[in-house]
Structure formats: C-alpha cells, structure tokens
Amino acid sequence: MSGSDSVAARAEAPIGSRFDERFLRQLESLALTIRRTTAGRSHGMRRSRRVGAGLEFADHRDYAPGDDLRYLDWNLFGRLERRALRLFEEDEDLSIDVLFDASASMAMGAPPKLELALRIGAALAYVGLCNLDRVAVTALGGEAAGPPPGRGRARILPILRALEAVRATGRVSLATAVREFLVRRRGRRRGLVALISDFYDPAGARAALELIRRHRLEAIAIQISAPDELAPRLRGDLALQDVETGETRELTISPRALSDYAQRHAHVLRELAGYCRERAIPCFTLSSDQPFEAVVLRMFRAGGLLG
C-alpha cells in the first residue's frame, strides 16, 4: 500500500462499535504526530527499518526534518509535489507482538479497562506497521487466534477485526498464557513484546515479564486500573464477588478498610514499577478513563518505545 493512501479511505465500512472510521482517522493522526515528534530520532518502537538503495521497494512514508534526502522520491514529488521517502524491505525488521490480558477483571471499570487496552494496542500496532515492522496481536485467554504476523499498514484492518471480537471473560494466569504464547511464537526472530494488563494476577505479573526476558525479547509493561479501583466508592456492609473466581466475601467497607485497600493497591503498582525499573523494562501505569491518544503520545515522548 502506498503512503499516499489512508487506512480510513480503504475501510469500506466501520469495523464495529470499538473501531469505526473515526478511530481509523485517529490512528492516522497519531502516526503523523508521532513521526513529527520523533523526527531526528529512530522511527519505530525500538529500532527502525533502514532505507537504502539496492533493496526491494516496499512503501513510502512522509518526509520529516532530518531525514536523508538521498531517499526522497523525486518522481512522486514531481507528479504530486509530495515529499516522501522510499522504504525498502530488509531482513532485519523488528517483530512486534502486542499481548492483551482478556481475563474477566479487564471488563471492570467505567470505561472498562479492556477498551483502553485494545485501543492502545491498536495504536502501537499501527505505528509498527507504518514503519514496516512485522506485527501480531494476541488476546491472552481469548478463544480466537489473531491474524498471523504481517507488515504494511493495510494489515491494520485484519488486526482491528480480530480485536473487535475480544471479550474479557474467565480467569487467566498471565505466566501460563505468556508461556503458551512463547511456544507458539517459537522459531520467529527476536523482537518486542508489549504486555497490556491490570497485572492483578498474584502469581503471574513478574513471572510473565520474566518469561519474555528469558526468551531474549524486549518487554514493555502497560498496566491499566479502573477509576473505581483506584478510588472505590463502596460503603457499608457488602457481599463482594471475585469476577474471575466467583468467590464471595461479606465485608464491612469502612474508611479504615478503604485506606488499607488503597495502600495495598499502591504497593502492587510500586512493586511492578520497581521490578521493571531494575530490569530496564519500560512500564506505564494508566487509568482506564484516560484518553488513549494522550496516553500513546506520552509513551512515545517518554522514549520508552524508541531506540
């Protein structure tokens, strides 16, 4: 697909309630903003694809200040007055996998945590595709397999269709699900794995990230909490049910109980951040009510997704 085409123009109809034509236009705008923001740095989520002569032509991308003028497509400029660089296929492309926790706890919140997770993942996938990286998405615990890894921005439509079908149900062990993913991934080159979850699995948060590291893959941790998990509005005598195990407990929700809960929740997030910091794993802690465009831009501007 040529860089002059837009994903929005290729979409014959809205993909669904999550990913409509407006969302596709948002992806295009995000990708352009990120390109301008990171001009002069490497393009892509860790390493960029190089452009050069003597390789197979693959795509165009818009010129940004600081790009090598030797690779400007002068024919395109002469016909359309559009400044674009020619990109070429190489063997050393970056493989990007975006993993989504699809356990029942991700359905919690207003808006639900899963909705922000899927939108962030779609944006990361699209930025990678625009840079000709090989991208795949996987719902951990999901019943349907995602599309096979592919490159080129036209691949975003099959990815969005797969994500449209993802629902947060059941109980998922992060470590077990990541281990199964790595078995399926065996034989593919090194790359980047973005794990998006609430990381509430008491046994699997660290173990899942450690598995990724041991397979010589670069990890990114994106933790999402719901606003009512950060500041619950519960009061009085209540029977609370675990959405994943079904276990019910009768509790008295007092100011003291809420304070204790807030401290334990903050401790979970601090442990995750500390673990990631010690191992140089980019870690982003979010609330599900944050606008996904602002979140994605903050990630790229922080440098955690760039080389």
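**The open sheet and its surroundings**

Author: In this predicted model, five strands form an open sheet with parallel pairing, in the order β4-β3-β5-β6-β9. The edges are taken by β4, residues 134-140, and β9, residues 283-287; each has a single partner strand, so one side of each is left without a neighbour in the sheet. From one strand to the next, the twist averages 15 degrees.

To find the place in the model, look for Gln223, which stands opposite Thr285 in β9. Helix α9, residues 255-278, packs on the sheet here and touches both β6 and β9. The direction of α9 makes about 165 degrees with that of β6.

Strands β7 and β8 form a hairpin. β7 covers residues 236-241 and β8 covers residues 248-253, and the two pair in the antiparallel sense over 6 bridges. Within this pair, Ala239 stands opposite Glu250 in β8. The hairpin has 6 residues between its strands, and Gly246 takes a positive phi near 80 degrees.

Now to the helices, starting with α4. Helix α4, residues 113-130, packs with helix α10, residues 292-302, at an angle of about 50 degrees, and their axes are 10 Å apart. That angle makes α4 oblique to α10. The crossing in which α4 passes α10 is right-handed. On the α4 side, the residues in contact are Leu116, Arg119, Ile120, Ala123, Leu124 and Val127. They meet Phe292, Val295, Val296, Met299 and Phe300 in α10. Sorted by class, this contact of α4 with α10 has 10 nonpolar residues, no polar ones and 1 charged residue.

α4 also packs with helix α5, residues 156-164, and here the angle is about 165 degrees, with the axes 10 Å apart. α4 is therefore roughly antiparallel to α5, and their crossing is right-handed. From α4, the contact takes in Leu118, Ala122, Ala125, Tyr126 and Leu129. Their counterparts in α5 are Ile156, Ile159, Leu160 and Leu163. By class, the contact of α4 with α5 has 9 nonpolar residues, with no polar and no charged ones.

A salt bridge also involves α4. The structure holds 11 salt bridges, and in one of them the side chains of Lys113 and Asp198 meet at 2.9 Å, N to O. This pair links distant parts of the chain, 85 residues apart: Lys113 is in helix α4, while Asp198 is in the loop between β5 (191-197) and α7.

Helix α7, residues 205-214, packs with helix α6, residues 174-185, at an angle of about 20 degrees, with their axes 7 Å apart. Because of this angle, α6 counts as roughly parallel to α7. The α6 and α7 crossing is right-handed. Leu174, Ala175, Val178, Arg179 and Leu182 make up the α6 side of the contact. Facing them in α7 are Ala205, Ala207, Ala208, Leu211 and Ile212. The contact of α6 with α7 has 9 nonpolar, no polar and 1 charged residues by class.

Key
Residues numbered from 1 in each chain as written. Predicted model: local features only at pLDDT ≥ 70, side-chain atom pairs only at ≥ 80, totals over all residues. Heavy atoms only, no water. Pairing = 2+ DSSP bridges. Helix = DSSP H or I, 4+ residues; strand = E, 2+ residues; numbered from the N terminus. Axes fitted to C-alpha atoms, helices over the stretch in contact; angles between N-to-C directions. Contact = heavy atoms within 4.5 Å. Parallel < 35°, antiparallel > 145°, perpendicular 65-115°, else oblique. Left-handed = near helix turned anticlockwise from the far one by under 90°. Nonpolar A, V, L, I, M, F, W, Y, C, P; charged D, E, K, R; others polar. Salt bridge = Lys/Arg side-chain N within 4 Å of Asp/Glu carboxyl O.
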